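This briefing covers the sheet, the helices packed on it and the aromatic ring pairs. Please keep the sequence and the structure in view while reading.

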Amino acid sequence: DQFTEELRLLAVIDDLTSLHNRRGFYLLADQQLKHADRLRRRLLFFFADVDGLKKINDTLGHDAGDTVIRDAAVVLEDVFRVSDIVARVGGDEFAIVAVDAHPDTAHLFPERLEQLLAEYNAEEQAHPFKLAISMGSTVYDPERPETLDSLLKRADALMYEHKAGKKSAPSS
């Protein structure tokens, strides 16, 4: 019935962003891993995190923080393709599976992210905050199978390297 279907959707959809939540991501990403194994294809995994959310929450309030998370979700959806799985897996953290993307194209996604963030931050209707997102990526290789958790852990570690690199870089 309709109620059961609505409950099922609520179980896998994040109410703040309308993206998949952690549970939805794990269900879909696990299916993609099985598919990649069967077809002997590689998959790209990304882990992204909003930079400076605590400062935004502390200075502008949690409504502004929610806006940042929603806006980050929209930007990430624009970076990736409709066929990719973009999910908010907690707080200000996002996990993405780029389906049928060749590993040689992995650099295109962070480049597109930087471009879209620059456009977002340059909009006339200036936001009371600067949207910044750090992202790390890793490749799933069916020749060297690993768990979804280990893939996400590796992408998360690379995302933190990206974030640390931005903090140590001179600002322009």
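Does F109 count as buried or exposed? At 7% relative accessibility, F109 counts as buried (buried means under 20% relative accessible area, exposed over 50%, partly exposed in between, with a 1.4 Å probe and protein chains only). The model is predicted: local features need pLDDT of at least 70, side-chain atom pairs count only at pLDDT 80 or more, and totals for chains, interfaces and linings use all residues. Residues are numbered from 1 along each chain as its sequence is written, and side-chain values use heavy atoms, with hydrogens and water left out.

**Sheet**

- Four strands form an open sheet in the order 2-3-1-4, with antiparallel pairing (strands, E of at least two residues, and helices, H or I of at least four, are DSSP runs numbered from the N terminus; two strands pair if DSSP finds at least two bridges between them).
- Strand 2 (85–90) and strand 4 (133–140) are the edge strands; each has a single partner strand, so one side of each lacks a neighbour in the sheet.
- From one strand to the next, the twist averages 20°.
- Six bridges join strand 1 (residues 43–50) and strand 3 (residues 93–98) in the antiparallel sense.
- F47 has A95 in strand 3 as its bridge partner.

**Helices on the sheet**

- Helix 2 (residues 22–39) packs on the sheet and touches strand 1, strand 2, strand 3 and strand 4 (contact means heavy atoms within 4.5 Å).
- The direction of helix 2 makes about 135° with that of strand 2 (axes are lines fitted to C-alpha atoms, for helices over the stretch in contact, and angles run from 0 to 180 degrees between N-to-C directions).
- Helix 4 (residues 62–79) also packs on the sheet, touching strand 1, strand 2, strand 3 and strand 4, and its direction makes about 10° with that of strand 3.

**Aromatic pairs**

- The count comes to four aromatic pairs (rings of Phe, Tyr and Trp, the last by its six-membered ring, pair if their centres lie within 6.5 Å; planes under 30 degrees apart count as stacked, over 60 as edge-to-face and the rest as tilted).
- One of them is the edge-to-face pair of F25 and Y26, at 6.2 Å centre to centre and 85° between the planes.
- F25 is buried at a relative accessible area of 0%, whereas Y26 is partly exposed at 25%.
- The pair of F80 and F109 is stacked, because the ring centres are 4.8 Å apart and the planes stand at 15°.
- This pair links distant parts of the chain, 29 residues apart: F80 lies in the loop between helix 4 and strand 2, and F109 in helix 5 (residues 108–122).
- F80 counts as buried at 4% relative accessibility.
- F46, F80 and F109 are linked into a cluster by ring pairs.
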